[in-house]
Amino acid sequence: MRKMEPGSQRVLFAATAAAALAAACGGGGHGGGGISQEDQAALVAQGQQIFRFETFGDEAQWSDKLRMHEVVGTAVSPEAALAVGLKVDAQALPAAVVQGIQDGSIDLKSPATTIALLKLDAVVGLKGTVQTVGGKDALTRLGVTCALCHSTVDNSFAPGIGKRLDGWPNRDLNPGAIIALSPALDAARKAVYLSWGKGKYDPRFNIDGKSKPVVIPPAYGLEGIHSVTFTGDGPDIAYWNRYVAVTQMGGQGSFSDARLNLSITNGTTDLVSGKLPALQAYQLSLKAPPAPAGSFDSAAAVRGRAVFEGAGRCASCHSGTLFTDANIMLHPPGDSMAEPEVPSYAARSATGLYRTSPLRGAWQHAPYFHDGSAATLEDVASTYNTRLSLGLSPQQISDLAQYLKAQ
Ligand code: HEC
Ligand code: HEC
């Protein structure tokens with residue numbers, strides 16, 4: 001296979017051609033559908049760059065409107081950034097910076113260090129423009145990327161600093177607390193954002209004015225699932241990526257959906273549409289991470305499988321190798337163990353229903369259910385047992401949890 005050089009014309013051309021092809025076959029092309037393996041790899045590589053670094057021009061929201069660059073550039077130290085769950089990509093750090101962090105000569109309490117890290121593209125999900133003002137580096141624009149919520153790091157260098165793990169939801173991130181730093185918001189709005197807590201975000205608050213955040217879900221393990229979001233709002237990832245890029249991130253482009261009675265256009269140039277095929281290809285390439293060896297009891301997991309498929313009746317909805325019937329049907333709100341809730345998340349969505357959550361990688365992303373109301377997989381199992389009167393013994397509940405941990 002050819003080596004990737006993301007900047008080269010050759011790869012860009014191949015990727016664009018592949019993107020056009022992928023779009024022509026519905027955007028779900030996977031090596032098949034006439035795309036050569038090489039072009040598919042180029043498309044995925046381009047999608048990775050978009051996922052990590054593309055703002056779609058959302059600086060219009062985060063800088064022009066929310067003036068986040070003013071706060072981040074003057075008052076947010078790396079320590080403060082790590083405290084709200086932001087992550088640092090250790091692989092983007094040159095040796096001298098690594099050395100400086102290790103020997104303490106680089107000050108992690110200084111906002112100037114945050115600017116230096118942004119200049120290196122090392123803060124996961126934030127994209128800064130750094131310019132020299134009065135002989136000093138200053139942050140003049142700031143935007144966000146998909147990686148902000150859907151990537152974390154492996155902490156291999158220090159807590160919050162390590163190798164990127166794309167697709168893993170950042171459940172340490174407190175998006176509400178970050179937005180609340182904006183000097184452009186009034187106290188009432190800040191209070192709403194501050195109420196959300198870490199690992200959660202409400203992608204409908206700025207649309208319907210209601211506030212009840214959902215947990216940030218993984219963006220991995222979605223290949224073969226033709227229904228995205230907790231509520232199955234769209235048939236493919238690209239549907240939701242357009243929604244988020246335009247209506248949440250503030251990217252330049254359009255989103256409309258008659259079911260939501262929603263039509264939004266930001267700016268006059270579409271910076272979103274052309275990037276969706278590659279972005280989708282990248283996400284579909286992200287596999288759910290396997291459970292770490294030794295993280296579950298394998299004998300109990302074998303027994304738990306029998307409960308999952310038998311007395312627990314789980315497999316009636318969590319069916320097939322992807323553990324979901326999402327390609328066949330969605331479910332009424334009452335089938336979610338997080339309902340009834342006020343306001344109901346399903347009622348705010350395009351479908352009014354819930355998708356059976358796929359379970360691959362479930363070990364990785366506690367808490368569970370769309371509202372994060374089950375802290376552990378044991379809690380999930382015992383919630384079902386109680387709510388559905390399954391009559392499972394404590395042993396069966398614990399075995400079921402071990403089976404879920406193994407996925
Ligand atoms: C501020 C945090 C945030 C950002 C930024 C963000 N997302 Fe999300 N994403 C969420 C939340 C919260 C949900 C859950 C919404 C739902 O399912 O109803 C979600 C849902 C998703 C899903 C659905 C997963 C599934 O299981 O069906 C995908 C895919 C996704 N996001 C990809 C992206 C991409 C690509 C971008 C960049 C264009 C992006 N997200 C930007 C928070 C974010
Ligand atoms: C009637 C269909 C149905 C049955 C039966 C069912 N589930 Fe679910 N499951 C769902 C739906 C729908 C969701 C999404 C609920 C939400 O997020 O509010 C879900 C969510 C989950 C989650 C959370 C996943 C995540 O990413 O947060 C787990 C774990 C789970 N189910 C395990 C089980 C187990 C174990 C059983 C059997 C005891 C079971 N389910 C039975 C439909 C079902």
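**Figure 1. Overall view of the predicted protein model.** Buried residues make up 44% of the 407 residues in the protein; a residue is buried if 20 or more other C-beta atoms lie within 10 Å of its own, exposed if 12 or fewer, and partly exposed in between, with C-beta atoms placed from the backbone. This is a predicted model, in which local features need pLDDT of at least 70 and side-chain atom pairs count only at pLDDT 80 or more, while totals for chains, interfaces and linings use all residues. Residues are numbered from 1 along each chain as its sequence is written, and chains are lettered from A and ligands numbered from 1 in the order in which they are written. The secondary structure comprises 16 helices and ten strands; helices (H or I, at least four residues) and strands (E, at least two) are DSSP runs, numbered from the N terminus. The radius of gyration of the protein is 22 Å, close to the 22 Å that the globule rule gives for 407 residues, so the protein is as compact as a globular protein of that length. This radius is taken over C-alpha atoms, and the globule rule is 2.2 Å times the number of residues to the power 0.38. Along the principal axes, the C-alpha atoms fill a box of roughly 70 × 50 × 45 Å. Among contacts in the protein with a separation of 6 or more, 66% are between residues 24 or more positions apart; two residues are in contact if their C-beta atoms, placed from the backbone, lie within 7 Å.

**Figure 2. The two assigned domains.** The domain assignment gives domain 1 (59–284) and domain 2 (298–323 + 358–405), with bounds that come from an automatic or database domain assignment. The side of domain 1 that touches domain 2 has eight nonpolar, three polar and two charged residues. In this classification, Ala, Val, Leu, Ile, Met, Phe, Trp, Tyr, Cys and Pro count as nonpolar, Asp, Glu, Lys and Arg as charged, and the others, Gly among them, as polar. In total, 13 residues of domain 1 are in contact with ten residues of domain 2. The centres of the two domains, taken over C-alpha atoms, are separated by 32 Å.

**Figure 3. The surroundings of ligand 1.** Ligand 1 is surrounded by 25 residues, of which Cys-146, Cys-149, Val-228, Thr-229 and Phe-230 are the closest; a residue is near a molecule or strand if its C-beta atom, placed from the backbone, lies within 6 Å of it. At least two residues of this shell are supplied by each of α8 (147–150), α12 (237–248) and α13 (276–285). The largest share, five residues, comes from α12. The shell around ligand 1 has 20 nonpolar, five polar and no charged residues.

**Figure 4. Helix α16 and its cover.** At 1.5 Å a residue, the twelve residues of α16 should span 16 Å, and its end C-alpha atoms are 17 Å apart, which agrees; the expected span is 1.5 Å times one less than the number of residues. Helix α16 is mostly covered, as nine of its twelve residues are buried. Among these buried residues are Ile-397, Leu-400 and Leu-404. What covers the buried residues of α16 includes α14 and α15.

**Figure 5. Arg-355 in the loop between α14 and α15.** Arg-355 is found in the loop between α14 (298–309) and α15. With 25 C-beta neighbours inside 10 Å, this residue counts as buried. Leaving aside neighbours within four places in sequence, the contacts of Arg-355 include Ser-227, Phe-230 and Leu-330. Asp-335 is 20 residues from Arg-355 along the chain, and their C-alpha atoms are separated by 9.5 Å.

**Figure 6. Backbone details in loops.** A cis peptide bond, with omega about 0°, joins Glu-339 and Pro-340, and Pro-340 lies in the loop between α14 and α15. Another cis peptide bond joins Ala-366 and Pro-367, with omega about 0°. Asp-121 has a positive phi of about 60° although it is not a glycine, and is found in the loop between α7 (111–119) and β2 (126–133).
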